[in-house]
Amino acid sequence: MEELSLFDSELRLMDIIWDEAPVESGKLVKIAKEKFQWSKSTTYTVIHKLVVKGFVVNDSSIVKVLIPKERIQIQESNKIVEERFAGSLPSFLASFLGKKSLTDEEGDELIDLIKQHMEDKK
């Protein structure tokens, strides 16, 4: 899978686009001004960068998503596990949980998820 990357400002705007799409670019300008104090030109510059990178299309001032949020989340989480934990998912989970306690429901959900992925490999 091709690695996709976003700078912080692009990711911030993508989070809004993923929530709002399809969305008028003018509405994105208003939201970015409220949330980030961005100027109109800054928002349009970031939209343009997202178009060039292939994350969105801006068709007649309507911004539509081309790359789903889940794809980026999977890529980013895999990258963290590979780079910070030498590819060890158990090491990542141990570090992530730290001294946190899980509810019975959370524990059961994680166990079900692990079983599901183990079955997928068979």
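How exposed is Lys53, in terms of relative accessible area? Lys53 is partly exposed, at 30% (buried means under 20% relative accessible area, exposed over 50%, and partly exposed in between, with a 1.4 Å probe and protein chains only).

## Model and confidence

This is a predicted model, in which local features need pLDDT of at least 70 and side-chain atom pairs count only at pLDDT 80 or more, while totals for chains, interfaces and linings use all residues. Residues are numbered from 1 along each chain as its sequence is written, and side-chain values use heavy atoms, with hydrogens and water left out.

The average pLDDT (the predictor's confidence in each residue, from 0 to 100) is 92 for the protein, and 95% of the residues score at least 70. Confidence is highest in strand S3, at 98, and lowest in helix H6 (residues 104-121), at a mean of 86. Helices (H or I, at least four residues) and strands (E, at least two) are DSSP runs, numbered from the N terminus.

## Sheet

Three strands form an open sheet in the order S1-S3-S2, with antiparallel pairing (two strands pair if DSSP finds at least two bridges between them). Strand S1 (23-24) and strand S2 (56-59) are the edge strands, each pairing on one side only. S2 and strand S3 (residues 62-65) run antiparallel and are joined by four bridges. Asp59 has Ile62 in S3 as its bridge partner.

## Helices across the sheet

Helix H1 (residues 8-20) lies across S1, S2 and S3, at about 90° to S3. Helix H3 (residues 40-53) lies across S2 and S3, at about 115° to S2. Axes are lines fitted to C-alpha atoms, for helices over the stretch in contact (heavy atoms within 4.5 Å), and angles run from 0 to 180 degrees between N-to-C directions.

## Salt bridges

The structure holds four salt bridges (a side-chain nitrogen of Lys or Arg within 4 Å of a carboxyl oxygen of Asp or Glu). One of them joins the side chains of Lys53 and Glu10, at 2.8 Å from N to O. Lys53 belongs to helix H3 and Glu10 to helix H1, so the pair ties together parts that are 43 residues apart in sequence. Glu10 is buried, with a relative accessible area of 2%.

Helix H1 also carries Asp15, which forms a salt bridge with Lys69, the closest N and O atoms being 3.7 Å apart. Lys69 lies in helix H4 (residues 69-84), 54 residues from Asp15. Lys69 is partly exposed at 27%, as is Asp15 at 29%. Asp59 forms a salt bridge with Lys64, with the closest N and O atoms 3.9 Å apart. Lys64 is partly exposed at 36% relative accessibility, and Asp59 is partly exposed at 43%.
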